[in-house]
Amino acid sequence: MADTLKDILLDSSRRPAVVSDFEGLVDAEVSDKGGVSGAVVKTGFAAVKKIKPGIIPSAVDTLLPDFATALEPFYGDYRAKGGNDFGAYLSSRSDEASDALLSVTDSRAERSSRDSIKKVYSKLRPNGKKNVEEALPRLGQLIDKHAANA
């Protein structure tokens with residue numbers, strides 16, 4: 001079994017499947033959103049995809065090394081404790097884990113040269129923490145899936 005998230009997620013033979021699975025996770029999370037805030041997320045997501053088709057897999061691939069780095073301390077602790085459900089582990093530390101992941105996207109949005117992307121991100125960001133926390137179980141399950149194949 002691979003030792004680090006970078007070993008698991010960034011391995012060249014596995015990375016395309018990881019990116020595809022994470023794109024599916026994003027799509028599923030957006031699709032599951034309901035109510036007024038869900039409508040805002042869905043509208044923003046659709047706008048981003050329209051502005052730049054293919055942006056989601058491209059963004060996932062670009063951000064994957066930073067996400068792996070951000071989650072590495074959590075994964076190391078999870079493995080040290082002999083965990084068997086990384087999604088449940090991340091959920092138990094949802095405040096810290098979501099902050100770690102959002103620090104990656106915040107930094108990326110801040111550095112973007114596209115005003116349209118910055119504008120959409122700024123509209124979605126206020127609910128970002130809640131949305132990321134809700135995605136942690138699926139995220140952990142995907143990481144477990146790829147770790148099992150490492």
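Rings of Phe, Tyr and Trp (its six-membered ring) count as a pair if their centres lie within 6.5 Å. The model shown in these views is predicted, and the structure holds five aromatic pairs.

**View 1. The Tyr-75 and Phe-86 ring pair.** Tyr-75 and Phe-86 pair edge-to-face, with 5.1 Å centre to centre and 85 degrees between the planes. Because Tyr-75 belongs to helix α4 (residues 55-80) and Phe-86 to helix α5 (residues 86-92), the pair ties together parts that are eleven residues apart in sequence. Tyr-75 and Phe-86 are buried.

**View 2. The Tyr-78 and Tyr-89 ring pair.** The rings of Tyr-78 and Tyr-89 form a tilted pair, 5.8 Å centre to centre with 55 degrees between the planes. Tyr-78 sits in helix α4 and Tyr-89 in helix α5, eleven residues apart, and the pair links these distant parts of the chain. Tyr-78 and Tyr-89 are both buried. Through ring pairs, Tyr-75, Tyr-78, Phe-86 and Tyr-89 are linked into a cluster.

**View 3. The largest nonpolar core.** This core has 40 residues, and Leu-9, Phe-22, Leu-90, Leu-139 and Ile-143 have the most contacts inside it. At least two residues come from each of α1 (5-9), α2 (15-32), α3 (35-51), α4, α5, α6 (94-111), α7 (115-124) and α8 (128-148). Helix α4 supplies the largest share, twelve residues. In soluble globular proteins, nonpolar side chains tend to be buried together.

**View 4. Contacts of Leu-139.** With neighbours within four places in sequence left aside, Leu-139 is in contact with Phe-22, Leu-25, Leu-71, Leu-90 and Leu-101. Leu-139, Phe-22 and Leu-90 are among the residues with the most contacts inside the largest nonpolar core.

Note on methods:
Residues numbered from 1 in each chain as written. Predicted model: local features only at pLDDT ≥ 70, side-chain atom pairs only at ≥ 80, totals over all residues. Heavy atoms only, no water. Phe/Tyr/Trp six-rings, centres within 6.5 Å; stacked < 30°, edge-to-face > 60°. Helix = DSSP H or I, 4+ residues; strand = E, 2+ residues; numbered from the N terminus. Buried < 20%, exposed > 50% of the residue type's maximum accessible area, 1.4 Å probe, protein only. Core = buried A, V, L, I, M, F, W, Y, C linked by side-chain atoms within 4.5 Å. Contact = heavy atoms within 4.5 Å.
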